[in-house]
Each structure stands twice: as structure tokens, then as C-alpha cells.
Amino acid sequence: YFGIALILKMTKTTANHIRKSIVFMIIALLVASIFESNATPYISAQSGYWDDGNTWGTGSGGAYPLSGDDVTINGGYIVTVETSGKACSTIQLGQGTDDGTLTFAGGYDLTVSGSITVGSSSSGKGHIILNGGVLYIPSITNGTAGATYDFSSGDLYTTGSFTLPAGANSFWNLFVQSGTLSMGASITVADMIYISNLASLDPGSSTNIVGGGGTLRGDGAFL
């Protein structure tokens, strides 16, 4: 009887844990959906600083993009990250026939949790000028209109699995933080490529992996 009672008790305890886990998962999904539904789209209305509400127009109510928000920079405008700790979900640089540029005012950082698309599907080009800044990206792709990259100063951190797009081939520092970074072409690095133990670098058929006097470091995988 004791053994049966113990089994029943354990079964009830396990069932309680399962019920609690299910409730927790449901709550977590609801919270996630709330945050997703509250994502705000921000479209540039003029050139200016990232955290200046005027950059994003009167409709922003003086606010600026935060983590989870979707950003579009177009109109030929240049948006500058001038303080650290900035974040958003996605960035579209260039829209329709209008160009869009993202740049940094020195060593400040921006974290993108989703993706960056550089260039529109029409004729609006996209441009990224790192200018000593720090950019965290899980994915970056080129639109059909064209893209330019200036990573000659500053730090680029890759946090997802993707292939470097055409034009993104010259860096100051390149940190492969997580996921697999594939190289679509030869790259040059002035200072350092660092591969973390959570990441791997796949050069493919590229022959020039570290040029310009840079070094290859880290304890991740070199495929």
C-alpha cells in the first residue's frame, strides 16, 4: 500500500508540475504575442539622430525606435546612432525610389534582433556607414536596388547564420558571435576576426580570408 500511495503521490506531483508548466508556457506565449502586437513601425521623416523623435516625424509622438520595433529609413535621409544601448527588430534601408542611410557618431552601439535589408526592391539604395560604431546583427541582406557598406572602422558582431551580402567585404573588426557566418566572397580585415565558441566561419571558396594585416582569433569553428 505504501508503494502504491507513493506512486500515486508522485503521479499527482508530476501532474501538478505538468499543469504548472503548461500554464507558464501559455502565459509566456501570451506575453510574447502582446509584445509582438505592440511593435511600432518607425519611418524616417528627416535626417537626424536615432533617439530624436523629430527624426521619425510628428506621428511618433516624440518617441524613437526601441527593441521590437520595425524601422524604415528612406527619403534620402541619414539616421545617426549617437548614444549607446539602441535596439530595434528590423531595419529597411531605402524604400521605393528613395535611398536610406544608417550611420554612427563614433563608438555607440545598435542591436538588431531581426534582420537588416539594405536597398529597396525598386531603385532606392541602402547604405551603412559604421564610422567607429558597434552593430549587432543576426542577418543582413541586399535589396535589388543596390547597397553600400563602410565597415572600415568600428565593430560588426554577427549573431545568426547567414551569408555576407555582396559589398560587405572590408572590415575593421568582425566578431562572429553565434551561428554560422558564410562568406560570399573574399574579405579583408584591418584588425581582427574573432570566432566565439558558439559560432563558426565558413569561407566557402573564398581565398582571401584575412587581409590588410588583420588576425584570426577565437575558439570557434573554422569550416
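The dialogue below sets computed values against their definitions.

Tutor: This is a predicted model, in which local features need pLDDT of at least 70 and side-chain atom pairs count only at pLDDT 80 or more, while totals for chains, interfaces and linings use all residues. Residues are numbered from 1 along each chain as its sequence is written, and side-chain values use heavy atoms, with hydrogens and water left out.

Student: What is the mean pLDDT of the protein chain?

Tutor: On pLDDT, the predictor's confidence in each residue from 0 to 100, the protein chain has a mean of 83, and 76% of its residues reach 70 or more. Over residues 1-36 the pLDDT stays under 50, and the model has zero contacts beyond four places in sequence for them; contact means heavy atoms within 4.5 Å.

Student: Why is Asn173 called buried?

Tutor: Buried means under 20% relative accessible area, exposed over 50%, and partly exposed in between (1.4 Å probe, protein chains only). The relative accessibility of Asn173 is 8%, so Asn173 counts as buried.

Student: What makes the link between Asn173 and Asp155 a polar contact?

Tutor: A polar contact is a pair of N or O atoms within 3.5 Å; within protein, one must be able to donate a hydrogen and the other to accept it, and residues adjacent in sequence count only if both atoms are side-chain atoms. The side chains of Asn173 and Asp155 are joined by such a contact at 3.0 Å. The Asn173 side chain also reaches the backbone nitrogen of Met192 at 3.2 Å. Beyond four places in sequence, the contacts of Asn173 include Gly154, Leu156 and Asp191.

Student: Why is the pair of Tyr157 and Phe175 called stacked?

Tutor: Rings of Phe, Tyr and Trp (its six-membered ring) pair if their centres lie within 6.5 Å; planes under 30 degrees apart count as stacked, over 60 as edge-to-face and the rest as tilted. Tyr157 is buried at a relative accessible area of 16%. Its ring centre is 4.5 Å from that of Phe175 and the planes are at 10 degrees, so the pair is stacked. Tyr157 lies in strand β13 and Phe175 in strand β15, so the pair ties together parts that are 18 residues apart in sequence.

Student: How do you know that Tyr136 is partly exposed?

Tutor: Its relative accessible area is 23%, so Tyr136 is partly exposed.

Student: Which residues form one aromatic cluster?

Tutor: The cluster is formed by Tyr136, Tyr157, Phe175 and Tyr194.

Key
Helices (H or I, at least four residues) and strands (E, at least two) are DSSP runs, numbered from the N terminus.
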